[in-house]
Structures are given as structure tokens and as C-alpha cells.
Amino acid sequence: MVPSFLSLRLSCLGLWASGLILVLGFLKLIRLLLRRQRLAKAMGNFPGPPTHWLFGHALEIQQTGSLDKVVSWAHQFPYAHPLWFGQFIGLLNIYEPDYAKAVYSRGDPKAPDVYDFFLQWIGRGLLVLEGPKWFQHRKLLTPGFHYDVLKPYVALFAESTRVMLDKWEEKAQEGKSFDIFCDVGHMALNTLMKCTFGRGDTGLGHRDSSYYLAVSDLTLLMQQRLVSFHYHNDFIYWLTPHGRRFLRACQVAHDHTDQVIRERKAALQDEKVWKKIQNRRHLDFLDILLGARDEDDSKLSDADLRAEVDTFMFEGHDTTTSGISWFLYCMALYPEHQHRCREEVREILGDRDSFQWDDLGKMTYLTMCIKESFRLYPPVPQVYRQLSKPVTFVDGRSLPAGSLISMHIYALHRNSAVWPDPEVFDPLRFSTENASKRHPFAFMPFSAGPRYGETQYPRPSGLGRRGWMTSQGRHY
């Protein structure tokens with residue numbers, strides 16, 4: 001009798017649970033459909049490419065390559081067009097300077113539909129913060145980027161670069177081509193480990209190497225998730241092998257950062273150690289964060305410290321790696337410009353074998369070549385915002401508050417209405433005379449406006465002329 005009663009109760013509970021799940025699922029679907037209707041209505045004045053009934057534009061982008069596909073759409077639809085990832089994430093994709101100015105001169109928050117994917121790894125650092133908290137963190141971190149703090153780092157950059165070049169000398173003796181991207185990435189992360197955590201010149205230890213591998217893995221996994229809309233749901237994603245791998249790499253990265261912070265905090269309890277750190281040739285990023293105080297003597301919490309360190313490592317390592325690799329690719333592709341850069345550097349160095357801070361401002365032609373490389377292959381090819389208030393564009397069309405904006409920097413930099421012969425590598429576009437005539441929002445390789453500074457993704461794939469690695473490149 002009792003077992004039958006329990007069985008009946010369990011059956012009733014099962015039915016109630018199933019019914020509750022169905023109701024919640026139905027309500028979620030209704031909410032998504034209403035959201036889609038609102039987004040579609042908001043973008044009704046902007047014609048665009050046809051969408052797949054389920055995948056939106058995601059499938060076509062994956063099959064043909066997102067960057068060049070959007071450039072082709074930009075030729076068809078001047079200024080902007082709708083962009084759908086699946087049926088429920090819709091953005092207005094813009095690639096025209098006046099449109100960019102209308103949005104990116106304001107300070108709207110990052111689009112949570114995209115940037116919430118970062119939270120599990122980098123937490124709520126400067127990349128995703130908004131409002132008073134963002135201003136507080138920005139104010140506390142600003143002293144870490146003062147010229148007097150950055151100047152001593154030049155020697156660290158030079159030393160890490162020499163190690164990489166020695167490695168390339170050995171590889172070159174084999175007479176075979178080799179992929180430079182991983183070496184540049186290792187050099188960039190090794191440099192950041194010195195500048196962020198105060199690591200010595202002996203290279204990465206075992207724990208640091210595990211951290212390096214975790215950061216590299218997380219960068220790749222993040223890009224794969226962004227372009228795979230079926231991974232956008234957290235519940236589904238964490239159940240997949242891809243999601244579990246992401247969580248394991250997050251744990252490695254967090255454990256490393258937490259341990260370094262604990263060790264540094266313990267060391268700084270000793271007043272002699274703190275005075276010794278202050279008298280060093282350079283302070284590392286963690287020293288500055290731990291010593292940062294605002295006017296109320298408030299400091300960053302442990303969670304804030306980890307978020308800012310992880311954000312700094314993520315943004316600094318991958319953008320640097322991508323930018324350097326694509327610049328070297330351009331120099332290899334255009335040896336006449338490579339020769340002019342080399343002659344300029346030789347003239348500046350003279351009998352010296354290493355750069356100094358004051359040398360950097362003298363490298364006029366090299367700087368123009370770097371900027372032209374960033375134009376063709378921007379380290380941050382795509383950034384996103386959610387409008388906090390309505391916006392009206394230069395042609396009279398408008399979007400309401402809550403709309404999502406995708407600023408497609410790669411397409412902006414190849415906009416033929418802004419850049420004559422956009423596929424041609426021409427460093428003189430960035431001469432003082434030419435740059436002064438150009439729209440201030442025509443060139444924005446790392447975004448622009450009050451929230452300047454984003455994250456990036458594209459990486460060179462071997463010797464391909466337009467090869468953007470879908471498995472390793474990235475766009476935010």
C-alpha cells in the first residue's frame with residue numbers, strides 16, 4: 001500500500017515538474033519571439049542579405065568566411081545592414097565613418113549578448129564593466145599606463161624579442177619555412193608575464209607554461225563559441241565537450257592568477273619588500289593594482305584584481321600577437337616597404353644594438369607601415385554595443401534604445417568610399433597630410449570613443465593572401 005502511494009506521489013511530482021518545465025520553456029520561447037520581433041522592427045529601415053530560416057546569416061558566414069563575406073555585403077548595402085546569428089540575436093552591422101561616430105562617440109555599454117560569453121573567464125573587468133564601476137576601475141588603472149611607468153618596459157620588450165629572434169635563427173638554418181604565429185604568441189605572453197607578474201628573464205616556469213597553454217586554449221574556444229550560435233545557450237554549452245574544456249582551462253587560468261596575487265600580497269606585508277619594489281626600475285601591473293587607491297582610500301577587491309589581471313592578459317596577449325604577425329606578413333609581402341623600414345631603423349640606432357624609449361617617436365615610416373597593416377588586418381575586426389538611448393544616423397534613419405550594434409572595423413577599413421584602392425598596401429595613407437584630411441572615425445583598429453580599447457581576433461594562416469583562420473582567428 002505504501003509503495004503504491006509513494007509511486008503515485010512520485011508520478012504526480014514528475015507530471016508537475018514536466019508541466020513546469022514546459023511552461024517555463026514556452027514562456028522563454030515567447031520572450032525570445034517578442035525580442036526578435038522588436039529587433040526586426042527596429043532594423044526594418046535597413047535592407048540586408050537574405051537570412052536562413054533557422055541560422056540567420058551564421059551558416060553562410062561560417063561557410064564562406066565572415067570577414068570577406070561582410071565586405072561583399074558592404075558593397076551591396078551602403079552604411080549598414082542587419083546581421084542575424086540564429087533567429088534571436090540580431091544586430092545592425094555598420095561600416096561607415098559617420099555611422100561609427102554616431103554610436104562610438106557616446107559611450108554606450110557593451111552588448112551583453114556577446115560580451116557575457118567572456119564573464120566565466122575574465123570576470124567583470126574594464127572590458128565589460130559600465131557605469132560608476134567602470135569609471136572607478138579606469139581611474140585606478142590609469143597610473144599603470146603613465147609614460148614614466150611604461151618607459152622601462154622597452155628593455156623587457158627588447159629582451160623577449162631577442163629570445164624569439166634567436167629561436168628563428170635556429171629554425172632558419174634548417175632551410176624550411178615555419179609558422180611564426182605561435183612563437184610571436186609565446187613572446188607576447190612571456191613579455192606580459194614579466195610586465196604583469198614580474199616574472200624574471202629566465203622564461204616561463206612549468207606553472208606559467210600551463211597558464212600560457214590555458215590562455216591560448218581559452219582564446220581559441222571563445223572564438224569558436226562566438227561563431228557557433230548553438231553554443232550561445234550556457235546550459236547547452238557547459239554540457240558539451242567544448243564547454244567542459246573551456247571550464248577546465250578557466251580553472252587553470254584562475255588558479256594561476258589567484259596564487260600569484262596571494263603570493264604578492266603576502267610578500268607586500270613586509271615593509272622592506274614594499275620599499276624594494278617601489279625602488280625597482282619598473283613596477284609590474286600587479287604591483288600597481290595592489291597599490292591603487294581612490295580618493296576614499298578604496299582599493300580593488302580580490303575578485304576585481306583577478307578580473308583586471310585576466311582581462312589585461314587576454315586583451316594584451318592576443319591583440320599583440322595578431323598585430324605583430326600580420327605586420328610581419330605585410331613586410332614579407334612588400335619587400336620595398338620592408339627595406340625602407342630597415343633603413344630608417346638602422347639610421348636611428350647608429351652603433352647601438354637596442355632601442356630606447358625616445359627612439360620610438362622617430363620611426364615615422366615604420367609607424368605608417370604598422371598603421372597600414374592595422375588597416376588591412378585590424379587586431380579587433382568587430383566590436384559590439386547595445387544602445388542606451390535612441391540614435392539617429394547621418395542619413396536620417398534611426399534605431400531605438402536597446403538595439404544591438406556591430407561595428408565591423410574590417411569592412412570599414414576596406415570601404416572604398418573612404419579608402420581609395422582599399423586592397424592596396426600604401427603606408428602613405430597615414431602621412432600627416434593625408435591623415436589630416438580623413439574622417440576621424442575612418443581608422444579605428446582597436447575601436448574608438450570613451451570606451452576605447454576592446455579585444456581582437458584575426459590571425460595569419462601561413463602564406464594565404466586572405467587567409468583568416470576560422471579555427472583560431474577571432475572577432476568580438
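Over the ring of which residue does the charged end of Arg 340 sit? The ring is that of Tyr 365, and the charged end of Arg 340 lies 3.8 Å from its centre. A second case involves Arg 414, whose charged end sits over the ring of Tyr 377, 5.6 Å from the centre.

**Model confidence**

The model is predicted. Mean pLDDT for the protein is 83, with 87% of residues at 70 or more. Confidence is highest in helix H18 (residues 364-376), at a mean of 97, and lowest in helix H14 (residues 271-278), at 65. Residues 453-476 have pLDDT below 50, and beyond near neighbours in sequence this stretch has 112 contacts in the model.

**Aromatic pairs**

Across the whole structure, 22 aromatic pairs are found. Two of them are set out below.

| Ring pair | Distance between centres | Angle between planes | Class |
|---|---|---|---|
| Tyr 115 and Tyr 384 | 6.3 Å | 70 degrees | edge-to-face |
| Tyr 237 and Phe 246 | 6.2 Å | 65 degrees | edge-to-face |

The planes of Tyr 115 and Tyr 384 stand at 70 degrees, so this pair is classed as edge-to-face. Tyr 115 belongs to helix H5 (residues 112-115) and Tyr 384 to strand S3; the two are 269 residues apart, and their pair links distant parts of the chain. Both Tyr 115 and Tyr 384 are buried. Ring pairs also join these two tyrosines with Phe 118, Trp 121 and Phe 314 in a cluster.

In the other tabulated pair, Tyr 237 is buried with a relative accessible area of 1%. Phe 246 has a relative accessibility of 1% and therefore also counts as buried, the cut-off being under 20%.

**His 242 and its surroundings**

Tyr 237 also takes part in a polar contact: its side chain and that of His 242 are joined at 2.7 Å. His 242 lies in helix H13 (residues 241-268). Is His 242 buried or exposed? His 242 is buried, because its relative accessible area is 12% and the limit for burial is under 20%. With neighbours within four places in sequence left aside, His 242 is in contact with Leu 221, Gln 224, Arg 225, Tyr 231 and Tyr 237.

Strand S3 (residues 382-386), which holds Tyr 384, is mostly covered, with 4 of its 5 residues buried. S3 runs antiparallel to strand S6 (residues 404-408), and 5 bridges join them. Gln 382 stands opposite His 408 of S6, while Arg 385 has Ile 405 of S6 as its bridge partner.

S6 is joined by 3 bridges to strand S2 (residues 89-94) as well, and these two strands run parallel.

In S6, 5 of 5 residues are buried. Both faces are covered: one side carries Leu 404, Ser 406 and His 408, and the other Ile 405 and Met 407.

Val 380 lies in the loop between H18 and S3. Its relative accessibility is 0%, so Val 380 counts as buried. The C-alpha atoms of Val 380 and Gly 323 are separated by 9.3 Å, although the two residues are 57 residues apart along the chain.

How values were computed. Residues are numbered from 1 along each chain as its sequence is written. This is a predicted model: local features need pLDDT of at least 70, side-chain atom pairs count only at pLDDT 80 or more; totals for chains, interfaces and linings use all residues. Side-chain values use heavy atoms; hydrogens and water are left out. Buried means under 20% relative accessible area, exposed over 50%, partly exposed in between (1.4 Å probe, protein chains only). A polar contact is a pair of N or O atoms within 3.5 Å; within protein, one must be able to donate a hydrogen and the other to accept it, and residues adjacent in sequence count only if both atoms are side-chain atoms. Contact means heavy atoms within 4.5 Å. pLDDT is the predictor's confidence in each residue, from 0 to 100. Two strands pair if DSSP finds at least two bridges between them. Rings of Phe, Tyr and Trp (its six-membered ring) pair if their centres lie within 6.5 Å; planes under 30 degrees apart count as stacked, over 60 as edge-to-face and the rest as tilted. A charge sits over a ring if NZ of Lys or CZ of Arg is within 6 Å of the ring centre and within 35 degrees of the ring normal.
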